[in-house]
Amino acid sequence: MAFSFGLFELDEAGRVLLCARQEVPLQPRVFDLLIYLVRHRDRVISKEELLEAVWPDVTVTDNSLQRAVSALRAALRHGGMDGAIRNLPGKGYRFFLESEIRQPERIAPKQVDGTVGAIGLARRAAAGQLWLQAATLFASADESGQLSPEDLHDWALALQCLGRATAAIPILVRAVGARSQAGDAAGATVDAIALSALHFESGQAAIGKGWLARAEDWASTFDDPPTTALVLWMKSKLAAFDGEPEQALALADAAYTAVRYKDAINIEALSLAYRGFYRLCLGDTHGGLSDQDHAAAVALSSNNLDPIMGGNLYCNILWAARMFGDWARADQWTRSYQNFCSGSGMELTGSCQLHRSEVLGIRGSLDEALARIQDALARLTSDAPWSLGDANRVLGDIQAAIGNDDAALEAYDRAYTLGWCPEPGRAMLLLARGEAEAAYASLERSLIGKTWWTLQRRGILLAHLALVAAHTHRTVRAKALICELSGSPDRWPMPSIRALTNEAQAILALSRQDHETAMRHLHLARQLWSSIEGRVQIVRLRLQISSLQLEHGDVRGAMAEVHAAQLLARDLGSPKRLAECLALQRDIDAWQPTARRQMCG
(Lines give C-alpha, C1' and ligand atoms only; values in the text may rest on other atoms or scores of the structure.)
Protein backbone atom coordinates (compact mmCIF):
# COMPACT_ATOMS: atom_id res chain seq x y z
CA MET A 1 0.00 0.00 0.00
CA ALA A 2 1.16 3.55 -0.73
CA PHE A 3 0.40 6.78 1.13
CA SER A 4 1.04 10.44 0.42
CA PHE A 5 1.22 13.27 2.96
CA GLY A 6 2.67 16.73 2.47
CA LEU A 7 5.79 16.40 0.32
CA PHE A 8 6.13 12.71 1.17
CA GLU A 9 5.20 9.51 -0.63
CA LEU A 10 5.41 6.28 1.34
CA ASP A 11 5.59 3.02 -0.60
CA GLU A 12 5.10 0.20 1.89
CA ALA A 13 5.65 -2.65 -0.55
CA GLY A 14 8.79 -1.14 -2.01
CA ARG A 15 9.92 0.05 1.44
CA VAL A 16 10.72 3.53 0.10
CA LEU A 17 10.02 6.98 1.51
CA LEU A 18 10.22 9.87 -0.97
CA CYS A 19 10.28 13.59 -0.24
CA ALA A 20 9.66 15.80 -3.30
CA ARG A 21 10.48 12.75 -5.46
CA GLN A 22 13.82 12.25 -3.68
CA GLU A 23 14.40 9.13 -1.59
CA VAL A 24 14.86 9.62 2.15
CA PRO A 25 16.96 6.75 3.59
CA LEU A 26 15.54 5.04 6.68
CA GLN A 27 16.86 2.23 8.85
CA PRO A 28 14.61 -0.87 8.71
CA ARG A 29 13.22 -0.47 12.24
CA VAL A 30 12.58 3.24 11.67
CA PHE A 31 10.72 2.43 8.44
CA ASP A 32 8.65 -0.19 10.30
CA LEU A 33 7.81 2.41 12.96
CA LEU A 34 6.63 4.88 10.30
CA ILE A 35 4.44 2.26 8.63
CA TYR A 36 2.84 1.26 11.92
CA LEU A 37 2.16 4.86 12.96
CA VAL A 38 0.67 5.76 9.57
CA ARG A 39 -1.51 2.63 9.43
CA HIS A 40 -2.86 3.34 12.93
CA ARG A 41 -3.01 7.12 12.63
CA ASP A 42 -6.60 7.19 13.92
CA ARG A 43 -5.51 6.53 17.52
CA VAL A 44 -2.81 6.92 20.14
CA ILE A 45 -0.47 3.92 20.26
CA SER A 46 1.12 2.97 23.56
CA LYS A 47 4.87 2.52 23.90
CA GLU A 48 4.30 -1.13 24.77
CA GLU A 49 2.35 -1.76 21.56
CA LEU A 50 5.00 -0.03 19.44
CA LEU A 51 7.81 -1.99 21.06
CA GLU A 52 5.96 -5.24 20.38
CA ALA A 53 5.10 -4.27 16.78
CA VAL A 54 8.51 -2.94 15.72
CA TRP A 55 10.73 -5.26 17.79
CA PRO A 56 8.74 -8.53 17.95
CA ASP A 57 10.33 -11.24 20.09
CA VAL A 58 13.22 -8.90 20.95
CA THR A 59 13.76 -7.46 24.42
CA VAL A 60 14.46 -3.74 24.11
CA THR A 61 14.05 -0.69 26.34
CA ASP A 62 12.13 2.54 25.88
CA ASN A 63 15.43 4.11 24.79
CA SER A 64 15.32 2.09 21.56
CA LEU A 65 11.88 3.49 20.78
CA GLN A 66 12.96 7.03 21.64
CA ARG A 67 15.97 6.76 19.32
CA ALA A 68 13.78 5.42 16.51
CA VAL A 69 11.24 8.21 16.99
CA SER A 70 14.05 10.79 16.98
CA ALA A 71 15.48 9.31 13.75
CA LEU A 72 12.03 9.29 12.14
CA ARG A 73 11.42 12.91 13.11
CA ALA A 74 14.80 13.81 11.59
CA ALA A 75 13.76 12.12 8.33
CA LEU A 76 10.35 13.83 8.24
CA ARG A 77 12.07 17.15 8.89
CA HIS A 78 13.19 17.06 5.24
CA GLY A 79 9.61 18.02 4.40
CA GLY A 80 8.95 20.12 7.50
CA MET A 81 6.72 17.44 9.05
CA ASP A 82 8.63 16.24 12.12
CA GLY A 83 5.80 17.67 14.23
CA ALA A 84 3.43 15.03 12.78
CA ILE A 85 4.66 12.54 15.39
CA ARG A 86 3.00 13.59 18.62
CA ASN A 87 4.11 12.33 22.02
CA LEU A 88 1.25 12.26 24.50
CA PRO A 89 2.89 11.92 27.93
CA GLY A 90 1.79 8.76 29.73
CA LYS A 91 -0.21 7.53 26.73
CA GLY A 92 2.08 6.98 23.76
CA TYR A 93 2.53 8.29 20.22
CA ARG A 94 0.25 9.26 17.37
CA PHE A 95 0.84 10.21 13.75
CA PHE A 96 -1.23 13.34 13.30
CA LEU A 97 -1.77 15.64 10.34
CA GLU A 98 -4.05 18.63 9.82
CA SER A 99 -5.26 17.03 6.57
CA GLU A 100 -5.97 13.38 5.88
CA ILE A 101 -3.34 11.12 4.37
CA ARG A 102 -4.21 10.39 0.76
CA GLN A 103 -3.23 7.95 -1.92
CA PRO A 104 -0.46 9.52 -4.01
CA GLU A 105 -1.37 11.16 -7.29
CA ARG A 106 1.63 10.35 -9.41
CA ILE A 107 2.49 12.61 -12.31
CA ALA A 108 2.98 10.74 -15.56
CA PRO A 109 6.42 11.22 -17.12
CA LYS A 110 4.96 12.87 -20.24
CA GLN A 111 3.53 15.66 -18.07
CA VAL A 112 6.93 16.78 -16.85
CA ASP A 113 9.35 15.80 -19.60
CA GLY A 114 11.49 17.94 -21.88
CA THR A 115 8.80 20.38 -23.10
CA VAL A 116 9.57 22.86 -20.33
CA GLY A 117 13.16 21.89 -19.47
CA ALA A 118 14.92 21.74 -16.14
CA ILE A 119 14.70 25.50 -15.54
CA GLY A 120 10.95 25.51 -16.07
CA LEU A 121 10.52 22.56 -13.74
CA ALA A 122 12.70 24.26 -11.12
CA ARG A 123 10.61 27.43 -11.33
CA ARG A 124 7.39 25.43 -10.97
CA ALA A 125 8.79 23.59 -7.95
CA ALA A 126 9.85 26.86 -6.30
CA ALA A 127 6.44 28.42 -6.98
CA GLY A 128 4.84 25.35 -5.37
CA GLN A 129 7.22 25.55 -2.37
CA LEU A 130 8.66 22.12 -3.16
CA TRP A 131 12.03 23.25 -1.90
CA LEU A 132 14.00 20.01 -2.11
CA GLN A 133 12.83 19.42 -5.66
CA ALA A 134 13.49 23.07 -6.58
CA ALA A 135 17.02 23.03 -5.16
CA THR A 136 17.85 19.78 -6.99
CA LEU A 137 16.44 21.03 -10.29
CA PHE A 138 18.12 24.44 -10.08
CA ALA A 139 21.46 22.70 -9.44
CA SER A 140 20.87 20.54 -12.50
CA ALA A 141 19.77 23.49 -14.64
CA ASP A 142 22.79 25.53 -13.56
CA GLU A 143 24.99 23.40 -15.80
CA SER A 144 23.47 25.17 -18.79
CA GLY A 145 24.63 28.54 -17.46
CA GLN A 146 21.22 30.07 -18.22
CA LEU A 147 19.86 30.77 -14.73
CA SER A 148 18.51 34.30 -14.34
CA PRO A 149 19.19 36.46 -11.27
CA GLU A 150 15.66 35.63 -10.07
CA ASP A 151 16.39 31.90 -10.52
CA LEU A 152 19.52 32.28 -8.38
CA HIS A 153 17.47 34.11 -5.75
CA ASP A 154 14.85 31.32 -5.70
CA TRP A 155 17.56 28.64 -5.59
CA ALA A 156 19.11 30.30 -2.54
CA LEU A 157 15.64 30.61 -0.98
CA ALA A 158 15.04 26.88 -1.51
CA LEU A 159 18.35 26.03 0.16
CA GLN A 160 17.52 28.26 3.14
CA CYS A 161 14.10 26.65 3.49
CA LEU A 162 15.83 23.27 3.58
CA GLY A 163 18.04 24.45 6.44
CA ARG A 164 21.16 24.66 4.23
CA ALA A 165 22.02 28.30 4.84
CA THR A 166 25.75 27.85 4.22
CA ALA A 167 25.09 26.43 0.75
CA ALA A 168 22.81 29.39 -0.04
CA ILE A 169 25.54 32.00 0.50
CA PRO A 170 27.57 31.50 -2.72
CA ILE A 171 24.33 31.34 -4.73
CA LEU A 172 23.22 34.66 -3.26
CA VAL A 173 26.61 36.18 -4.01
CA ARG A 174 26.10 35.20 -7.65
CA ALA A 175 22.58 36.66 -7.56
CA VAL A 176 23.88 39.97 -6.23
CA GLY A 177 26.53 40.10 -8.95
CA ALA A 178 24.03 39.27 -11.68
CA ARG A 179 21.51 41.86 -10.46
CA SER A 180 24.19 44.53 -10.14
CA GLN A 181 25.41 43.85 -13.67
CA ALA A 182 21.84 44.06 -14.95
CA GLY A 183 21.31 47.40 -13.19
CA ASP A 184 18.73 45.95 -10.77
CA ALA A 185 19.71 47.93 -7.65
CA ALA A 186 16.52 47.01 -5.78
CA GLY A 187 17.04 43.28 -6.29
CA ALA A 188 20.73 43.55 -5.43
CA THR A 189 19.83 45.34 -2.19
CA VAL A 190 17.39 42.62 -1.13
CA ASP A 191 19.87 39.82 -1.80
CA ALA A 192 22.69 41.75 -0.07
CA ILE A 193 20.46 42.10 3.01
CA ALA A 194 19.86 38.34 2.89
CA LEU A 195 23.63 37.80 2.80
CA SER A 196 24.10 40.18 5.70
CA ALA A 197 21.54 38.24 7.76
CA LEU A 198 23.07 34.84 6.93
CA HIS A 199 26.58 35.96 7.88
CA PHE A 200 25.24 37.57 11.06
CA GLU A 201 23.47 34.33 12.06
CA SER A 202 26.61 32.31 11.37
CA GLY A 203 28.62 34.51 13.75
CA GLN A 204 30.43 36.49 11.04
CA ALA A 205 29.22 39.92 12.12
CA ALA A 206 32.01 41.83 10.34
CA ILE A 207 31.13 40.28 6.98
CA GLY A 208 27.44 40.86 7.71
CA LYS A 209 28.13 44.55 8.29
CA GLY A 210 30.04 44.69 5.02
CA TRP A 211 27.10 43.34 3.03
CA LEU A 212 24.76 45.70 4.88
CA ALA A 213 26.95 48.68 3.90
CA ARG A 214 26.82 47.48 0.27
CA ALA A 215 23.04 47.22 0.48
CA GLU A 216 22.82 50.77 1.86
CA ASP A 217 24.86 52.06 -1.08
CA TRP A 218 22.46 50.51 -3.60
CA ALA A 219 19.37 51.58 -1.63
CA SER A 220 20.54 55.20 -1.67
CA THR A 221 20.25 55.29 -5.48
CA PHE A 222 16.44 54.93 -5.60
CA ASP A 223 13.35 55.71 -3.52
CA ASP A 224 11.52 52.56 -2.42
CA PRO A 225 10.03 52.48 1.12
CA PRO A 226 10.00 48.64 1.49
CA THR A 227 13.67 48.39 0.56
CA THR A 228 14.54 51.30 2.86
CA ALA A 229 12.63 49.59 5.68
CA LEU A 230 14.44 46.31 5.04
CA VAL A 231 17.81 48.06 5.38
CA LEU A 232 16.70 49.80 8.59
CA TRP A 233 15.44 46.48 10.01
CA MET A 234 18.79 44.80 9.41
CA LYS A 235 20.60 47.76 10.96
CA SER A 236 18.38 47.39 14.04
CA LYS A 237 19.42 43.75 14.40
CA LEU A 238 23.09 44.66 14.28
CA ALA A 239 22.58 47.49 16.78
CA ALA A 240 20.96 45.05 19.21
CA PHE A 241 23.83 42.62 18.69
CA ASP A 242 26.28 45.41 19.53
CA GLY A 243 24.43 46.08 22.82
CA GLU A 244 22.67 49.27 21.74
CA PRO A 245 18.97 48.53 22.39
CA GLU A 246 17.86 52.20 22.28
CA GLN A 247 19.37 52.62 18.82
CA ALA A 248 17.88 49.28 17.75
CA LEU A 249 14.44 50.48 18.86
CA ALA A 250 14.80 53.76 16.96
CA LEU A 251 15.84 51.94 13.76
CA ALA A 252 13.01 49.40 13.99
CA ASP A 253 10.54 52.23 14.57
CA ALA A 254 11.90 54.07 11.52
CA ALA A 255 11.54 50.88 9.46
CA TYR A 256 7.92 50.46 10.53
CA THR A 257 7.14 54.13 9.85
CA ALA A 258 8.66 53.86 6.36
CA VAL A 259 6.23 51.13 5.25
CA ARG A 260 3.15 51.76 7.37
CA TYR A 261 0.09 51.93 5.09
CA LYS A 262 2.38 51.41 2.07
CA ASP A 263 1.06 47.96 1.07
CA ALA A 264 4.28 46.21 2.14
CA ILE A 265 2.75 43.84 4.67
CA ASN A 266 5.70 41.48 5.09
CA ILE A 267 8.30 44.08 6.05
CA GLU A 268 5.67 46.05 8.01
CA ALA A 269 4.98 43.00 10.19
CA LEU A 270 8.67 42.20 10.57
CA SER A 271 9.73 45.68 11.63
CA LEU A 272 6.77 45.94 14.00
CA ALA A 273 7.66 42.63 15.66
CA TYR A 274 11.24 43.74 16.21
CA ARG A 275 10.12 47.12 17.53
CA GLY A 276 8.04 45.21 20.06
CA PHE A 277 11.01 43.06 20.98
CA TYR A 278 13.24 46.05 21.69
CA ARG A 279 10.48 47.72 23.70
CA LEU A 280 10.26 44.57 25.82
CA CYS A 281 14.02 44.66 26.37
CA LEU A 282 13.80 48.26 27.56
CA GLY A 283 11.00 47.56 30.04
CA ASP A 284 7.92 48.60 28.03
CA THR A 285 6.21 45.22 28.42
CA HIS A 286 2.70 46.37 27.52
CA GLY A 287 3.87 48.24 24.42
CA GLY A 288 6.18 45.43 23.35
CA LEU A 289 3.54 42.70 23.61
CA SER A 290 1.03 44.93 21.84
CA ASP A 291 3.47 45.47 18.95
CA GLN A 292 4.20 41.77 18.60
CA ASP A 293 0.53 40.76 18.67
CA HIS A 294 -0.19 43.47 16.09
CA ALA A 295 2.67 42.17 13.93
CA ALA A 296 1.24 38.66 14.04
CA ALA A 297 -2.18 39.94 12.96
CA VAL A 298 -0.61 41.90 10.08
CA ALA A 299 1.37 38.85 8.94
CA LEU A 300 -1.57 36.48 9.15
CA SER A 301 -3.64 38.87 7.03
CA SER A 302 -1.15 38.33 4.20
CA ASN A 303 -1.59 35.42 1.85
CA ASN A 304 1.91 35.85 0.48
CA LEU A 305 4.22 35.73 3.49
CA ASP A 306 7.77 34.99 2.36
CA PRO A 307 9.02 31.81 4.12
CA ILE A 308 12.28 33.35 5.34
CA MET A 309 10.68 36.63 6.39
CA GLY A 310 7.89 34.69 8.08
CA GLY A 311 10.47 32.59 9.87
CA ASN A 312 12.20 35.73 11.13
CA LEU A 313 8.88 37.10 12.36
CA TYR A 314 7.80 33.95 14.18
CA CYS A 315 11.25 33.31 15.60
CA ASN A 316 11.52 36.83 17.03
CA ILE A 317 8.14 36.65 18.78
CA LEU A 318 8.90 33.17 20.07
CA TRP A 319 12.34 34.23 21.30
CA ALA A 320 10.79 37.11 23.23
CA ALA A 321 8.25 34.80 24.86
CA ARG A 322 11.04 32.45 25.97
CA MET A 323 13.31 35.18 27.26
CA PHE A 324 10.58 36.76 29.37
CA GLY A 325 9.33 33.49 30.85
CA ASP A 326 5.95 33.74 29.09
CA TRP A 327 5.68 29.98 28.64
CA ALA A 328 2.03 29.79 27.57
CA ARG A 329 2.72 32.31 24.82
CA ALA A 330 5.95 30.52 23.89
CA ASP A 331 4.10 27.24 23.49
CA GLN A 332 1.41 28.81 21.28
CA TRP A 333 3.98 30.48 19.05
CA THR A 334 6.13 27.34 18.80
CA ARG A 335 3.16 25.34 17.54
CA SER A 336 2.20 28.18 15.19
CA TYR A 337 5.74 28.32 13.80
CA GLN A 338 5.80 24.56 13.27
CA ASN A 339 2.53 24.81 11.32
CA PHE A 340 3.98 27.69 9.29
CA CYS A 341 7.08 25.64 8.45
CA SER A 342 4.96 22.65 7.50
CA GLY A 343 2.65 24.78 5.35
CA SER A 344 5.51 26.45 3.51
CA GLY A 345 7.59 23.29 3.14
CA MET A 346 10.38 24.66 5.32
CA GLU A 347 12.86 22.59 7.26
CA LEU A 348 12.63 23.25 11.00
CA THR A 349 15.81 25.14 11.88
CA GLY A 350 18.13 24.46 14.77
CA SER A 351 16.79 27.62 16.42
CA CYS A 352 13.24 26.33 16.17
CA GLN A 353 14.29 23.04 17.74
CA LEU A 354 15.99 25.02 20.50
CA HIS A 355 12.81 27.00 21.16
CA ARG A 356 10.66 23.88 21.17
CA SER A 357 12.98 21.92 23.44
CA GLU A 358 12.92 24.64 26.11
CA VAL A 359 9.13 24.81 26.01
CA LEU A 360 8.92 21.02 26.26
CA GLY A 361 11.38 21.09 29.14
CA ILE A 362 9.06 23.38 31.08
CA ARG A 363 5.67 22.04 29.99
CA GLY A 364 5.98 18.65 28.32
CA SER A 365 8.11 15.54 27.98
CA LEU A 366 11.71 15.70 29.14
CA ASP A 367 12.70 12.76 26.91
CA GLU A 368 11.44 14.58 23.82
CA ALA A 369 12.98 17.85 25.03
CA LEU A 370 16.36 16.14 25.38
CA ALA A 371 16.14 14.61 21.90
CA ARG A 372 15.21 17.97 20.35
CA ILE A 373 17.94 19.96 22.09
CA GLN A 374 20.56 17.43 21.02
CA ASP A 375 19.31 17.75 17.45
CA ALA A 376 19.38 21.55 17.81
CA LEU A 377 23.00 21.49 18.98
CA ALA A 378 23.99 19.52 15.89
CA ARG A 379 22.19 21.96 13.58
CA LEU A 380 23.20 25.20 15.25
CA THR A 381 26.89 24.56 14.58
CA SER A 382 26.23 25.61 11.00
CA ASP A 383 22.85 27.41 11.27
CA ALA A 384 23.49 29.86 14.09
CA PRO A 385 26.67 29.12 16.07
CA TRP A 386 26.16 32.29 18.14
CA SER A 387 23.27 30.54 19.93
CA LEU A 388 25.19 27.40 20.89
CA GLY A 389 25.66 28.88 24.36
CA ASP A 390 21.91 29.32 24.73
CA ALA A 391 21.36 25.74 23.57
CA ASN A 392 23.80 24.44 26.19
CA ARG A 393 21.97 26.50 28.83
CA VAL A 394 18.70 24.82 27.82
CA LEU A 395 20.42 21.43 27.78
CA GLY A 396 21.55 22.10 31.34
CA ASP A 397 17.99 22.94 32.40
CA ILE A 398 16.64 19.72 30.88
CA GLN A 399 19.38 17.54 32.40
CA ALA A 400 18.78 19.17 35.79
CA ALA A 401 15.03 18.46 35.57
CA ILE A 402 15.74 14.82 34.68
CA GLY A 403 18.17 14.56 37.58
CA ASN A 404 21.47 14.30 35.71
CA ASP A 405 23.18 16.93 37.87
CA ASP A 406 26.73 16.39 36.64
CA ALA A 407 25.65 16.51 33.00
CA ALA A 408 23.66 19.66 33.75
CA LEU A 409 26.63 21.42 35.36
CA GLU A 410 28.82 20.41 32.43
CA ALA A 411 26.30 21.93 29.99
CA TYR A 412 26.08 25.12 32.06
CA ASP A 413 29.87 25.37 32.06
CA ARG A 414 29.92 25.02 28.26
CA ALA A 415 27.30 27.76 27.97
CA TYR A 416 29.42 30.07 30.12
CA THR A 417 32.56 29.21 28.14
CA LEU A 418 30.71 30.16 24.96
CA GLY A 419 29.92 33.56 26.46
CA TRP A 420 26.35 32.80 27.47
CA CYS A 421 24.82 33.32 30.91
CA PRO A 422 23.71 29.91 32.29
CA GLU A 423 21.31 31.49 34.78
CA PRO A 424 18.92 31.03 36.40
CA GLY A 425 19.12 27.27 35.85
CA ARG A 426 22.63 26.83 37.23
CA ALA A 427 21.82 28.83 40.37
CA MET A 428 18.69 26.77 41.06
CA LEU A 429 20.66 23.56 40.70
CA LEU A 430 23.29 24.86 43.12
CA LEU A 431 20.52 25.83 45.55
CA ALA A 432 19.04 22.33 45.36
CA ARG A 433 22.50 20.87 46.06
CA GLY A 434 22.86 22.97 49.21
CA GLU A 435 25.17 25.59 47.70
CA ALA A 436 22.87 28.54 48.35
CA GLU A 437 25.61 31.16 48.72
CA ALA A 438 27.16 30.19 45.39
CA ALA A 439 23.72 30.36 43.80
CA TYR A 440 23.14 33.87 45.15
CA ALA A 441 26.54 35.13 43.99
CA SER A 442 26.03 33.65 40.53
CA LEU A 443 22.65 35.35 40.09
CA GLU A 444 24.03 38.69 41.28
CA ARG A 445 26.82 38.45 38.68
CA SER A 446 24.30 37.68 35.94
CA LEU A 447 22.66 41.09 36.46
CA ILE A 448 25.85 43.08 35.91
CA GLY A 449 25.87 45.27 32.80
CA LYS A 450 23.29 46.17 30.21
CA THR A 451 23.84 43.59 27.51
CA TRP A 452 20.83 42.65 25.42
CA TRP A 453 20.80 39.24 27.14
CA THR A 454 20.60 40.80 30.61
CA LEU A 455 17.93 43.28 29.53
CA GLN A 456 15.76 40.53 28.07
CA ARG A 457 15.90 38.24 31.08
CA ARG A 458 16.04 40.81 33.85
CA GLY A 459 12.61 39.99 35.27
CA ILE A 460 13.26 36.25 35.42
CA LEU A 461 16.72 36.78 36.91
CA LEU A 462 15.40 39.19 39.57
CA ALA A 463 12.61 36.79 40.52
CA HIS A 464 15.05 33.92 41.00
CA LEU A 465 17.39 36.21 42.93
CA ALA A 466 14.50 37.10 45.27
CA LEU A 467 13.90 33.41 45.90
CA VAL A 468 17.57 32.63 46.58
CA ALA A 469 17.88 35.75 48.77
CA ALA A 470 15.02 34.43 50.89
CA HIS A 471 16.72 31.03 51.17
CA THR A 472 19.99 32.67 52.27
CA HIS A 473 18.21 34.81 54.94
CA ARG A 474 18.83 38.07 53.09
CA THR A 475 15.42 39.29 54.17
CA VAL A 476 15.85 42.96 53.30
CA ARG A 477 17.20 42.16 49.83
CA ALA A 478 14.46 39.59 49.17
CA LYS A 479 11.71 42.02 50.21
CA ALA A 480 13.15 44.80 48.06
CA LEU A 481 13.24 42.52 45.01
CA ILE A 482 9.71 41.27 45.65
CA CYS A 483 8.54 44.86 45.99
CA GLU A 484 10.24 45.87 42.72
CA LEU A 485 8.67 43.00 40.80
CA SER A 486 5.23 43.06 42.41
CA GLY A 487 5.07 46.84 42.34
CA SER A 488 5.45 46.93 38.55
CA PRO A 489 2.66 44.63 37.32
CA ASP A 490 2.59 46.35 33.92
CA ARG A 491 6.28 45.59 33.41
CA TRP A 492 6.37 42.11 34.95
CA PRO A 493 2.91 40.55 34.33
CA MET A 494 4.20 37.05 33.48
CA PRO A 495 2.79 34.22 35.65
CA SER A 496 6.26 32.68 35.95
CA ILE A 497 7.65 35.84 37.61
CA ARG A 498 4.63 36.18 39.90
CA ALA A 499 4.94 32.50 40.86
CA LEU A 500 8.59 32.92 41.84
CA THR A 501 7.89 36.02 43.94
CA ASN A 502 5.10 34.16 45.76
CA GLU A 503 7.49 31.30 46.49
CA ALA A 504 10.05 33.78 47.82
CA GLN A 505 7.36 35.23 50.10
CA ALA A 506 6.59 31.71 51.34
CA ILE A 507 10.24 31.13 52.27
CA LEU A 508 10.30 34.43 54.15
CA ALA A 509 7.11 33.45 56.00
CA LEU A 510 8.63 30.11 57.00
CA SER A 511 11.68 31.89 58.40
CA ARG A 512 9.39 33.66 60.88
CA GLN A 513 7.40 30.49 61.59
CA ASP A 514 4.26 31.76 59.82
CA HIS A 515 3.06 28.42 58.44
CA GLU A 516 -0.36 29.67 57.27
CA THR A 517 1.06 32.52 55.17
CA ALA A 518 3.75 30.27 53.73
CA MET A 519 1.16 27.69 52.63
CA ARG A 520 -0.98 30.37 51.00
CA HIS A 521 1.93 31.71 48.96
CA LEU A 522 3.07 28.22 47.93
CA HIS A 523 -0.41 27.35 46.73
CA LEU A 524 -0.58 30.63 44.80
CA ALA A 525 2.79 29.88 43.21
CA ARG A 526 1.63 26.40 42.23
CA GLN A 527 -1.59 27.78 40.75
CA LEU A 528 0.33 30.34 38.69
CA TRP A 529 2.62 27.65 37.27
CA SER A 530 -0.46 25.53 36.58
CA SER A 531 -1.99 28.38 34.57
CA ILE A 532 0.89 28.07 32.05
CA GLU A 533 1.41 24.31 32.49
CA GLY A 534 4.88 24.68 33.95
CA ARG A 535 4.93 21.04 34.97
CA VAL A 536 8.51 20.82 36.19
CA GLN A 537 7.85 23.65 38.63
CA ILE A 538 4.42 22.28 39.59
CA VAL A 539 5.97 18.98 40.70
CA ARG A 540 8.65 20.78 42.70
CA LEU A 541 6.09 22.97 44.49
CA ARG A 542 3.68 20.13 45.18
CA LEU A 543 6.50 18.28 46.92
CA GLN A 544 7.28 21.35 49.02
CA ILE A 545 3.61 21.72 49.96
CA SER A 546 3.31 18.01 50.77
CA SER A 547 6.39 18.08 52.99
CA LEU A 548 5.12 21.13 54.84
CA GLN A 549 1.69 19.59 55.31
CA LEU A 550 3.20 16.41 56.70
CA GLU A 551 5.38 18.44 59.06
CA HIS A 552 2.20 19.99 60.52
CA GLY A 553 0.21 16.77 60.69
CA ASP A 554 -1.99 17.14 57.59
CA VAL A 555 -1.41 13.59 56.37
CA ARG A 556 -4.31 13.46 53.93
CA GLY A 557 -3.27 16.75 52.36
CA ALA A 558 0.30 15.53 52.08
CA MET A 559 -0.83 12.29 50.43
CA ALA A 560 -2.96 14.16 47.88
CA GLU A 561 -0.09 16.47 46.90
CA VAL A 562 2.52 13.74 46.61
CA HIS A 563 0.16 11.58 44.52
CA ALA A 564 -0.48 14.47 42.11
CA ALA A 565 3.26 15.19 41.96
CA GLN A 566 4.02 11.53 41.24
CA LEU A 567 1.60 11.41 38.29
CA LEU A 568 3.11 14.56 36.78
CA ALA A 569 6.70 13.40 37.35
CA ARG A 570 5.93 10.13 35.57
CA ASP A 571 4.42 11.97 32.59
CA LEU A 572 7.41 14.30 32.43
CA GLY A 573 9.92 11.49 32.55
CA SER A 574 11.84 12.88 35.54
CA PRO A 575 13.54 10.12 37.57
CA LYS A 576 14.78 12.78 39.98
CA ARG A 577 11.29 14.01 40.86
CA LEU A 578 9.92 10.46 40.95
CA ALA A 579 12.60 9.50 43.47
CA GLU A 580 11.69 12.53 45.59
CA CYS A 581 8.02 11.53 45.42
CA LEU A 582 8.79 7.98 46.55
CA ALA A 583 11.00 9.21 49.42
CA LEU A 584 8.24 11.53 50.64
CA GLN A 585 5.67 8.77 50.27
CA ARG A 586 7.81 6.57 52.54
CA ASP A 587 7.89 9.38 55.10
CA ILE A 588 4.11 9.62 54.96
CA ASP A 589 3.76 5.84 55.32
CA ALA A 590 6.11 5.88 58.30
CA TRP A 591 4.27 8.81 59.88
CA GLN A 592 0.79 7.23 59.73
CA PRO A 593 1.35 4.29 62.15
CA THR A 594 3.10 6.67 64.57
CA ALA A 595 0.17 9.05 64.41
CA ARG A 596 -2.30 6.24 65.07
CA ARG A 597 -0.29 4.99 68.10
CA GLN A 598 -0.19 8.52 69.51
CA MET A 599 -3.96 8.86 69.12
CA CYS A 600 -4.57 5.45 70.73
CA GLY A 601 -2.26 6.26 73.64
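How many aromatic pairs does the rule give? I counted rings of Phe, Tyr and Trp (its six-membered ring) as a pair if their centres lie within 6.5 Å, and the count comes to 5 aromatic pairs.

Before going on, I noted that this is a predicted model, where local features need pLDDT of at least 70, side-chain atom pairs count only at pLDDT 80 or more, and totals for chains, interfaces and linings use all residues. Residues are numbered from 1 along each chain as its sequence is written, and side-chain values use heavy atoms, with hydrogens and water left out.

Aromatic cluster. I found Trp233, Tyr274, Phe277 and Tyr278 in one aromatic cluster.

H10 and H12. In contact (heavy atoms within 4.5 Å) are Pro226, Ala229, Leu230, Trp233, Ser236, Lys237 and Ala240 of H10 and Ile267, Leu270, Tyr274 and Tyr278 of H12.

Charges over rings. I used this rule: NZ of Lys or CZ of Arg within 6 Å of the ring centre and within 35 degrees of the ring normal. The charged end of Arg214 sits over the ring of Trp218, 4.0 Å from its centre. I also found Arg474 over the face of Tyr440, at 3.9 Å from the ring centre.

Methods: Helix = DSSP H or I, 4+ residues; strand = E, 2+ residues; numbered from the N terminus. Phe/Tyr/Trp six-rings, centres within 6.5 Å; stacked < 30°, edge-to-face > 60°.
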